[in-house]
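The tour goes from one selection to the next.

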Amino acid sequence: MTLRTAVRTILHPHTATEDLGPPPRPDPGARRLAGSLQVRHVDAGSCNGCELEITSAFGPVYDAERFGARLVASPRHADALVVTGPVTRNMAGPLAKTYDAMPEPRMVVAVGDCARDCGVFRGGYGVEGAVAEVVPVDVAVAGCPPHPEAITKALRGLTGR
Ligand code: SF4
């Protein structure tokens, strides 16, 4: 959020939602999802910094739902799996089971540097590896943590909206 937008939001609270511009270039495979993306989130070992930004991406300012992305409670209802954190030894099995429970077509979004390459937790005794070492990753969002706009942009790439 720019300073100008922040001041405008304070003065006119009804204008909280950011204009995030035109849709980004669709990711390969987005066409199969027909603009509607049901998202199951799994924290595979995050510090919870990435969760805060995902919450913000679905909050009133970035409002990912207006672009067709929606959080759901079951992998059986999900088109996409959003994974945060390095995958810990305890979470490798549950993450793989969650992926297996999803219907086809299914996509995986690795959110944050830890999900991409273990980040600051690389080499930790309890770390199994990056998300791509457990389930196939289609989209990765860089950052520690990534900005909610970057997370929303990645989701928009899948909805094409
Ligand atoms: S990328 Fe940063 S914010 Fe996200 S889980 Fe790792 S350490 Fe935490």
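Which residues have the most contacts inside the largest nonpolar core? Select Val-83, Val-109, Val-111 and Val-131; they are the ones, in a core of 43 residues. A nonpolar core is a set of buried Ala, Val, Leu, Ile, Met, Phe, Trp, Tyr and Cys residues joined through C-beta atoms within 7 Å. Buried means that 20 or more other C-beta atoms lie within 10 Å of the residue's own, exposed means 12 or fewer, and partly exposed is in between, with C-beta atoms placed from the backbone. Among the elements that each supply at least two core residues are β1 (37-43), β3 (80-84) and β5 (107-111). The largest share, 5 residues, comes from β5. Helices (H or I, at least four residues) and strands (E, at least two) are DSSP runs, numbered from the N terminus.

This is a predicted model: local features need pLDDT of at least 70, side-chain atom pairs count only at pLDDT 80 or more, and totals for chains, interfaces and linings use all residues. Residues are numbered from 1 along each chain as its sequence is written.

Next, select β1. 5 of its 7 residues are buried, so β1 is largely enclosed by the rest of the structure. Strands pair if DSSP finds at least two bridges between them. β1 runs parallel to β3, joined by 5 bridges, and Val-42 stands opposite Val-83 in β3. β1 also pairs in the parallel sense with β2 (residues 69-71), over 3 bridges; there, Val-39 has Leu-71 as its bridge partner.
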